[in-house]
Amino acid sequence: MLIVKGILLFSQKLMALRGAGAISALAKRTKNNPSLLSISHSLTPKLHLISPLKFTPISVFQSRPNWGIRAVSEVASNPLSSKKEDEESSSPENWRIKMLYDGDCPLCMREVNMLRERNKSYGTIKFVDICSEDYSPQENQGLDFETAMGKIHAILSDGTVVTDVEAFRKLYEEVGLGWVYAITKYEPIGKIADAVYGVWAKYRLPITGRPPLEQIMEARRKNKGEVCKDNNSCKM
């Protein structure tokens with residue numbers, strides 16, 4: 001923009017100089033020819049009308065609405081709204097199966113979020129984060145934190161506990177995706193699938209860049225230290 005403005009100003013000055021030169025030559029000629037005097041007077045005031053162009057800087061962002069800022073401000077005004085909605089959708093009244101999941105596992109959460117999204121239309125799955133401070137083994141068929149961290153666990157509404165690939169198959173069936181794991185009902189496919197999942201369950205912590213289960217358990221005990229002192233027992 002500065003370069004263009006400079007070129008325009010230079011052009012204006014050049015035109016003014018040329019115009020002044022033309023008037024000077026015309027003035028000399030009027031001495032010999034008085035009839036040209038009226039022409040020179042008519043041209044002179046017009047040169048004073050030429051003035052440098054004035055540029056007003058215009059920002060291309062002035063007319064754009066602050067969509068992003070507005071969206072952030074709306075979320076900031078009610079930071080607990082999305083969390084509250086997730087908790088409500090994770091605890092349907094008429095659930096048919098309960099999924100115990102590791103909320104600190106990034107890869108696991110991708111599948112949990114997918115199932116949670118599907119569950120909005122079914123309301124058949126209750127999601128329980130075993131890493132939550134409020135997790136209670138007594139409310140989940142006695143499954144403590146260490147046991148639940150070992151592999152996937154799901155609890156049917158009648159209290160039956162299912163694990164491994166069967167747990168996934170039951171969960172997927174409840175949200176209209178039973179065909180995904182349907183083949184695992186048949187042998188030897190079922191055993192092979194369980195074996196593959198067993199390898200993943202055994203090494204998922206180092207694969208996802210997390211410390212060994214022993215360190216996670218120790219950190220959890222320290223965080224629950226006050227609870228252990230008050231209740232004489234730790235809810236793990």
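**Charged pairs and how they are named**

Modeller: Let's start with Arg 204 and Asp 102, whose side chains meet in a salt bridge with 2.9 Å from N to O. Arg 204 sits in helix H8 and Asp 102 in the loop between S1 and H5, so the pair links distant parts of the chain, 102 residues apart. Please keep in mind that this is a predicted model.

Biologist: Why is the contact between Arg 204 and Asp 102 called a salt bridge?

Modeller: The cut-off is 4 Å between a side-chain nitrogen of Lys or Arg and a carboxyl oxygen of Asp or Glu. The N to O value here is 2.9 Å, which is within 4 Å, and therefore the name applies.

Biologist: How do you know whether Asp 102 is buried or exposed?

Modeller: Buried means under 20% relative accessible area. Asp 102 has 5%, so Asp 102 is buried. Arg 204, at 7%, counts as buried because that value is also under 20%.

Biologist: Which residue besides Arg 204 meets Asp 102 in a salt bridge?

Modeller: Arg 210 does, at 2.5 Å from N to O. Arg 210 lies in the loop between H8 and helix H9, 108 residues from Asp 102. With a relative accessible area of 15%, Arg 210 is under the 20% limit and so is buried.

Biologist: What makes Glu 218 and Arg 221 partly exposed?

Modeller: That label covers values between 20% and 50%. Arg 221 has 40% relative accessibility, so Arg 221 counts as partly exposed.

Biologist: Why is the contact between Arg 221 and Glu 218 called a salt bridge?

Modeller: Their closest N and O atoms are 3.8 Å apart. That is within 4 Å, so the pair qualifies. The structure holds seven salt bridges.

Biologist: And Gly 103: how do you know its label?

Modeller: Gly 103 has a relative accessible area of 25%, between 20% and 50%, so Gly 103 is partly exposed. Gly 103 lies in the loop between S1 and H5, and its C-alpha atom is separated from that of Asp 129 by 5.5 Å.

Biologist: How are the residues lining the second largest pocket divided?

Modeller: They comprise 17 nonpolar, no polar and four charged residues. H8 gives the largest share of that lining, five residues, and the pocket has a volume of about 360 Å³.

Key:
Residues numbered from 1 in each chain as written. Predicted model: local features only at pLDDT ≥ 70, side-chain atom pairs only at ≥ 80, totals over all residues. Heavy atoms only, no water. 1 Å grid on protein atoms, 1.4 Å probe; cavity = no way out; pocket = protein on both sides within 12 Å on 5 of 7 lines; lining within 4 Å. Points joined across faces, edges and corners; volume = space filled by probe spheres on them. Helix = DSSP H or I, 4+ residues; strand = E, 2+ residues; numbered from the N terminus. Nonpolar A, V, L, I, M, F, W, Y, C, P; charged D, E, K, R; others polar. Buried < 20%, exposed > 50% of the residue type's maximum accessible area, 1.4 Å probe, protein only.
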